Amino acid sequence: MSSVQNNIYSPSTPRAIVYCEANFGRIDGKTANGLVRHSQRFKIQSIIDSKLAGFDAGQVLDGVATGIPILADLAEALAPANGPVDTLIFGMAPASGRLQAPERHVLLEAIAAGLHLINGLHEFLNDDLEFAAAAAAKNVRIVDVRRPPAQGDLHLFSGRISSVGCKRIAVLGTDGAIGKRTTAVILTRALNERGIKTVMVGTGQTGLMQGARYGIALDALPCQYGSGEVEAAVVHAFEAESPEVIVIEGQGALSHPAYLSSTAILRGSQPQAVVLQHAPMRQRLSDFPKIPMPTAASEIKLIEAFSPATRVIGMALNHEGMSEAEMTAAIALYEIELGIPATDALSRSPQRLVDMVVRAFPELKPMANAIAL
């Protein structure tokens, strides 16, 4: 397995503890998982999860040590031996989007210790009188990442996406919490390393916490503004960076009955291409155990019917519950069945993702070849 991390931090980069009690490495711990794998905005000092205390966080996730320890509680994380910290990040993304009583207690303790809070829940802590008073008393900030802009600042779809002259690739999936963001991060980095200037647009709270410069927490918006906000973020990224490629992080799944975010991503960014993320061993939708998973083939058919100008150019598989041999076999079988390249972004070379993109857009090949020389 490989680790995604490849970050350089300055002395001014905030040092953060990530709270993920009883959920690190699991689906509801996806924010913490993502921050261990990749974080440019914060230097992650430790993870709090008493069930896994004593382990290295990267070893738990991907079998590669990252030097980020998993600790039992906040007191241990604040011990001088574990280094200076100034921020606590709530690292879980439960379906409810709300705090439980024990979690509330820990976050208030963190404020009392002088830590800023980064909150990715749908529950806005700045609107909670107890949290607001505690933060004011200690002169610390609470950042509610999912809080949308004021209604007057939101964008309706305008059609400006037609002015974006670069390739746009969305990383969509067959379920939530399946690895779309991780694949988008790896793809963005790999293309840049091969000389193809690429910018990622984040569409969820974890991507924004990791340091995505463009994007918005899409699932917190009134639905009529979803496609307009995605369009605005992509246009902003194009005009500010002049990239050759923009990678758009996916949310949920187009087929998912509970989520609408994929529709806004497809309508707003109008990608020419999609990389589809799929977990072959997952039988039921995460958080919805009564609903069976779609097949990769059915999701591809739906995406291309919903967005006729878009084609699925490849697959990225999530290896949860799979041995190395099973993953190798699955990659080969999907390539035969679907006629598109497949890979596992975490356990295979990132070059496979680059090859997938260059195969779909041969005009990008000279840039990749130039850097290789």
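Predicted model: local features only at pLDDT ≥ 70, side-chain atom pairs only at ≥ 80, totals over all residues.
Trainee: Understood. Among contacts between residues at least 6 apart in sequence, what share joins residues at least 24 apart?

Mentor: For this chain, that share is 73%.

Trainee: And how many helices and strands are there?

Mentor: The chain holds 13 helices and 15 strands. Its radius of gyration is 20 Å, close to the 21 Å that the globule rule gives for 373 residues, so the chain is as compact as a globular protein of that length.

Trainee: What about burial: what percentage of the residues count as buried?

Mentor: Of the 373 residues, 53% count as buried. The accessible surface of the chain is about 15,700 Å², and carbon and sulfur atoms account for 54% of that surface.

Trainee: Now the open sheet. In what order do its strands run?

Mentor: Seven strands form it, in the order β9-β8-β10-β7-β11-β14-β15, with parallel pairing.

Trainee: Which strands stand at the edges?

Mentor: Those are β9 (214-215) and β15 (342-343). Each has a single partner strand, so one side of each is left without a neighbour in the sheet.

Trainee: How many bridges link β14 and β15?

Mentor: Strand β14, residues 311-317, pairs with β15 in the parallel sense over two bridges. Met-315 stands opposite Ala-342 in β15.

Trainee: Changing topic, how many charged side chains are positive and how many negative?

Mentor: There are 32 positive and 36 negative side chains, and the centres of the two sets lie 4 Å apart.

Methods:
Residues numbered from 1 in each chain as written. Heavy atoms only, no water. Helix = DSSP H or I, 4+ residues; strand = E, 2+ residues; numbered from the N terminus. Rg over C-alpha atoms; globule rule 2.2 N^0.38 Å. Buried < 20%, exposed > 50% of the residue type's maximum accessible area, 1.4 Å probe, protein only. Contact = heavy atoms within 4.5 Å. Areas by Shrake-Rupley, 256 points an atom, 1.4 Å probe, with all protein chains shown as cover. Lys, Arg positive; Asp, Glu negative; His and termini not counted. Charge placed at Lys NZ, Arg CZ, Asp CG, Glu CD. Pairing = 2+ DSSP bridges.
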